[in-house]
Structures are given as structure tokens and as C-alpha cells.
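Here is my note on the model you sent. Please read it with the structure open. The points run in the order I would check them.

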Amino acid sequence: MTDSLLPRRSLLRYGAYGAAAAAVAGTAASWDRLTGADIPGRDDGSLVVATLGSAFSPDGVRALLDGFRKLHPDIKVRVNAVQAVDWSDFFAKILTQIAAGTAPDLVYVATEGVQLFARRLGVALDTWVKRDAAELREYFADVHPSLVESMMYEGSLYQLPIEFNAADIYLNTQVLRRAGAGFPDADWTRDDFTALLRRMKRASDSHFTPYFWTNRLWGGVVPWLFANGTNLLAESRAPGGDWLWDAFYPAGRRQGRGGGFRWTTPQATDDRVEEVYDYLASLVRDGLCTRPEGGNGQNLIGVFSTGRVGVTPAGGFWAGGLHLAGMRPDGFDVQYFPRWRTHRMQYGAAGYAMLRTSRQQDAAWEFIKYSARRDTLTRLFTTNQTTPARRSMLDAGRYRETGPAHWRVFYDTLDAFPGTGPIPAPPQVAEVEQVLLKHTGTALASPRAVRPALRRMQGDLERAMEREL
Amino acid sequence: MTNTTNTRVPAARTPARTAAPAPAAVRPGLRERGARWMAALFLVPTVIGIVAFTVVPIAGSVVLSLFHWNVIDPPRFAGASNYGEVFGDRTVLVSFRNTLVFMVLAVALQLVIALVLAITVDGRMPVWLRSAFRSAFFFPLVLSAASISVVMKYLFNQDFGVVNWLLGLVGIAPVPWLTSEHAAMAAVVLVYVWQQFGFSFLLFVGGLNNIPKEVHEAAALDGATGLRKHLSVTLPLLSPTLLVASVVGIINALQVFEQPYVLTDGGPGDSTRTVVMVIYETAFEQLRFGEASAVGVLLFVLIMAVTALQFRLSRRFVHYQ
């Protein structure tokens, strides 16, 4: 033996250290998990409503809260405006709050997250809707059934839609005049669209790009897929939902409606999907449209309003955006997305989802009901930053200051084309969107890249859809 | 059995202990023990900070990598299956390749630019101009990477960006900076290096100031001028600084996130998707925190391995005065 043996005194000391460490670890392990809600002052009993930071103006939020306080002075409400660049980023931040133990009671959720929230976090509103049916009859009469159906999941309703945006085509009227082209007909086709882009290109300098689009789930490739009678994932309807349709919609308007949309089998290698990508690749090749750029189209308003872009897909939200950017009401106009094999268009909607973890579900329902009222929405949507879900709110007065002249297009996208539907957003939406964006970028990098990219997209989509959530 | 040395014994007393192993003779005095306790007391806040914010999260990541967890439901033990998923995921493997390619390009460019500029600024020039250059080169480092990337995204836009407009003035066709696989990586590297080289630059300026003037004068007397002087004298004497700059540079580059996230969102395809982007997407967008942690653990191992390799190689290439 050598002197590597510890002296008795050291042994005792190290033993004491070990025992202390074990005691600390044991105490920590046995302690209830601390969460953000344990921070003094953090949980003041308010009904917490999480919204996408940029969704409403500060004045709108103030009006929203003041109105609710008058109606329900006993319910304290706190709006948590979460800053995020897009819906995906917003959901990530909400999930972080849930993980931190500071879950809100209500979350403003767009189509992108409706099924994810419904499946994992949300509470079906069926009981409350049935209970307050008389009160809600006026609301449903004013809202297109497709918007309501987009908020249903497996036969149950999870949100009351309060806004939506369909992908229509915005046209810069100055560019149209420069090209000597007239405003397109409502029934224009894909070929008319291509011819218009060519005409615009010929009449402009090399710094001009006729068609600008952003690579994202809403308004990217998907509107073209819908126009060509296909979709990224096979679309069907869940059974059920009769309790709602029978109670609120007349026979003619509820026909064909079900218990919500289902998006299941990936079909990226479908012939019609390939046709869409071939078409977009040809536009890129001929310099008629931008390459698919990721992001949220932050620089689009600038290049559109200065006439460096001729047309772009956008929703009612752009009327307010272009007005703020200094465009005159007659400086732009809007038309339906062009027809291909079909004239089906896509939209995204949004409303408040109630979280299962909420301990104030009745109060949360009161807020949902209040937020869907016409007077509430009128106070909230003052600047045309979106399209209200209530048809009666869209009138000439609303668009007089901002334009466009053909403002009826926004709601007629639903009324005149009842087949128009929501973007494909199954519960696995985050991965589906990521796969779509990344392979779209590759597919349109060169004309020969389309098929290999779509094959990889198909494989990745199949894996994403098989994944257990 | 090995003969372990009591590390608490000061080195100066060790010979005495070997000569006559009498523990009582080497026991520190009361004053010395008091000083040690005081030193330990001062270290406690730092140790607590390191344990709470470094050791525990690392251990937490390792533990989490053995579970399936989606934030909403309780974690389920998964053993090593998350690692199996990660190794079978093409996107993860591509992200590691991209990150390594990015690291090599970014660190090499960063060090070369910083070194050349530091040597240039260290030359003959007015003090005010030298200060101005130092501030200018360091300034991007204090800005937010995300903000810089948003601006750069406008500048590098293929159709409407200033960079292509300037290239067009000299007859160069528009470059698809952010929408072509190769150009996108180049753009991300350029933006990253533009922001980061200021740190290496400052290190090199400090290192150059520490090289005695006599050494350069002696080299000049021996006929070494210009590039030869820098290769034979400056670089060897600057090698400890180079080691620090490259270690920090590599660790930072392996964790790159903001620039590719804002500029290209990892695209086109996966061409600029980095490991940290994959960790973020897997955890916060796809709710697979276990797999994300497994990727994080692998990145941690990679960073440790690369850093260890650097220190090992440094024995051969780094010269201390």
C-alpha cells in the first residue's frame, strides 16, 4: 500500500461533502417544480389573452379591453402581445410559455395552428355554443360557413373566426397603365396571367419583376395548387359537425360541410403538383417572377408601392399596409387569383382558442363571444389590416380611404367560390411547412430540379405525417 | 497503485515532503488556511453561477436527450432512441456538414481579414486614424446579429438589392445571393464575418503591441522585411493570440444561428441550415425536445473535440516567448 490512501480526517470531510450534496440534490428532486407562475405578481388571477404582437393596434387592444371591462367588470383581462415574425414563431413562443408554467387562458390562433391547438391544447367550444345558441345566431348568419368549418376539428368547434385573408392578386395600376394593359376580368385564366406578366416585363426596365411571391404556406405555392385542382396533402372532411350546421345555417349554405378539414396523405409527386412547379419554374426562367424567397415578405410593400413589382398575391390585410406605405386608393387594385383547372382559392383565418389548462374557462368563453361581436370587431379592425370574418363589415365606407376599388373581391372569394378552402394545416403543420418551404426552394433553383425535389418532398412529408405528435 | 500527490501542498515544499514524509511538517499555517477559505469564499458566487447556468443545463440536456418530450405531455423515457433518430435524419447530418463548412470558411476568412487589418493598422499612421479604424472595425460586433441580418437581407436581394445594383453598374449579372445553394452559403459567411472579425482584430492589435520592437529591429538588421518579416517573426510571436482567436472563433461559428435563420431560413433546400437551427426547429416548432437535446449533446461533443484538437495541435505550432 502507498500514501494514496486518504487520511481518516479527509475521509470524514469528503464524506460530509458528499452527504451535503446528496441532501441538496434530494431536496431539489423532492421539491415541487417551480414555474413562472410562482414568481410573485406573475399570476394575478387575470384572464390572460395571448395575441400575435402585430395583429392588433395598441388603440384596438385598448378599445377591446375597455369594452370587455364595461360588460364584465368582474373579469380582469390581461393581453399578452407576443412579438413574433410569423405564426410559426408565435406558436413556438406560446409553447415556451406553456413549458414555463405560464400558459395563457386564450391564444389567438390562425389556421396554421388550429388543428395543432385543437388536438393537443385546446378545449372544444361545443357546449358553450349550444348553450348560447340564441345569442350566436346573428354571428353565424354573418360569417361564411367555410371559415367556421376551418375552425372545426373532428366534429367539434374550437374557435370562432374573427378575421381571414384569402390569397387574391394585387395589381399596381401604374404598372398596368405603363404596360397598356386593362384590369383583368374576374374569370381570368393562368394563361391570361402569364400574358399580363410578359406585357409588363416588355414595358419596363431590367430592375422590374412582374410577379413577386414569398415562399410560405399561405400565398406561396399553395394558391397555384388549389387553382390546379390539387393540394399538398390529400384533403377530405371529418364526419360530424351537424349539431352546428343544423342549428345555424340554412340547408343551402350548410350543404357539403362536415366536421372540419382533414389533410392526410402527401401528394407532392402528383402530376398536377408537378405541373404547378413546372409552371413556376418557367416563370422564374423567363424572368417573370422572383425566385422563392423565404420570410414574411417584409420588403414587398416597398417594391410594390414603388412600381418595381407589378402583381403579387395578398389578402385584405394589404389594403391597410399599402395605404400606410403612401399608396393612393387608385394606385392599386385587387382581383381573384387566376383560374387554372379550377377556380378554387385558399385562405387563412384566425380566432381565439381556449386552452385546456385555463382555470377560467367560463370567463374565457365570455371573452371569445365578446371578441366576435360586430361592434367589437369594428373597434378592433379600423385600419384594414385584415379582412373581418363578418361579411356585413365589408362595405364601401370601409375601403373609401385605403382602396382598393374592387374591395368586394375579399369576401366574394368565399361567397362566389364556395369551394375555396383553408391552407393545408394538419396538426403536424410545423414540419409540413418546413418541408414545403425547403423543397420549393430547391425545386425552383433550376428547371431540372423540380422532379428530384418533389420526390424528396414526398418522402419528407410522409415521414412528417407519420410522426406521432 | 499510483503515488498520488497531495495537490494542496505548495510546490516549493514538495521536495521536503519527498525527502521526509512528515505530514505535520507540510500542514499549512492558520493564516494560510484562512487565506484559502477567503479565496474559496470569493469563488463561491462564480461556482454557483457556473453550476446553475452551465453544468445543470448541460446535464439537463443530456438527461432530456434520453426522453421523448413535447412540452404538453409528461416526458417518456426513450433510452438512446433519440440518438438513433438523429443519426438517421438526413437534415441533421446535412446541418452538421453545413456547420463544419461554414466554420472553416468563416473562421479562416475572419482570421485572415482581422490579421491583415491589424498589421495594417499597427503600421505607421496617425493615432486618431488608428483609433478610428479600431472603433469602426469593432462597431458591428456590438450590434444585434438579427438586426444586421434583416438589413443585409435587403442588400442581398437578387432583384431589388443594392449589392446587385452595384454589380450591375460594372456589368456583372445579378447574383442570386440568397436563393442559390452556393451563393447563399457565401452570403451567410460574408455577413457573419463582417460582424465578427472585429473581435479577432482587437485581439491581434493587442498581440502585436506585445511583440517587442527590438525583435523587429533585429529581424530588419538580418535583412527580413515586408512579408518575410511577418511570416518569420510576427506570426510565430502572435501564435498564442492566434490560438485564442481561432478557439473562440470556432466555438462561435459552430453555434451560428441568427444569420442563416434571418437571411435564408436555412435554404434554399437545406443548404444553409445549421445545427443550432435544427435544434431550434426540432424543439420549438416540431415539439421534439428529446431529439433536439440529442442534437445539442452531439454539437457539444463536437465543439469539445474540435477545441481539444486545437489545443493538442497548438503544442506544435504555438510559440510562447
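1. Start with Val278(B). Val278(B) sits in helix H13 (residues 275–285) of chain B. Helices here are DSSP runs of H or I with at least four residues, strands are runs of E with at least two, and both are numbered from the N terminus. This is a predicted model, where local features need pLDDT of at least 70, side-chain atom pairs count only at pLDDT 80 or more, and totals for chains, interfaces and linings use all residues. Residues are numbered from 1 along each chain as its sequence is written, while chains are lettered from A and ligands numbered from 1 in the order in which they are written.

2. Is Val278(B) buried or exposed? Val278(B) counts as buried because it has 27 C-beta neighbours inside 10 Å. The cut-offs: buried means 20 or more other C-beta atoms within 10 Å of a residue's own, exposed means 12 or fewer, and partly exposed lies in between, with C-beta atoms placed from the backbone. Not counting residues up to four places away in sequence, Val278(B) touches Thr91(B), Val92(B), Ser95(B), Arg273(B) and Val295(B). Contact means C-beta atoms, placed from the backbone, within 7 Å. Ser135(B) is 143 residues from Val278(B) in sequence and 35 Å away in space, C-alpha to C-alpha.

3. Now chain B as a whole. Chain B has 14 helices and 2 strands. Its radius of gyration is 26 Å, well over the 20 Å that the globule rule gives for 321 residues, so chain B is more spread out than a compact globule. That radius is taken over C-alpha atoms, and the rule is 2.2 Å times the number of residues to the power 0.38. Along the principal axes, the C-alpha atoms fill a box of roughly 85 × 70 × 35 Å. Of the 321 residues, 30% count as buried.

4. Chain B has two assigned parts: domain 1 (24–64) and domain 2 (81–317). The bounds come from an automatic or database domain assignment. The C-alpha centres of these domains are 34 Å apart. In chain B, 4 residues of domain 1 are in contact with 6 residues of domain 2. The domain 1 side of that contact has 3 nonpolar residues, 1 polar and no charged. Here Ala, Val, Leu, Ile, Met, Phe, Trp, Tyr, Cys and Pro count as nonpolar, Asp, Glu, Lys and Arg as charged, and the others, Gly among them, as polar.

5. In chain A, 11 residues of domain 1 are in contact with 11 residues of domain 2. Helix H4 (residues 111–120) of chain A gives the largest share of the domain 1 side, 3 residues.

6. Look next at strand S7 (residues 168–172) of chain A. 5 of the 5 residues of S7(A) are buried. Asp168(A), Tyr170(A) and Asn172(A) lie on one side, Ile169(A) and Leu171(A) on the other. S7(A) pairs antiparallel with strand S11 (residues 309–314) of chain A over 4 bridges; pairing needs at least two DSSP bridges. Asp168(A) stands opposite Ala314(A) in S11(A). S7(A) also runs antiparallel to strand S12 (residues 332–335) of chain A, joined by 4 bridges. There, Leu171(A) stands opposite Asp333(A).

Conventions
Two residues are in contact if their C-beta atoms, placed from the backbone, lie within 7 Å.
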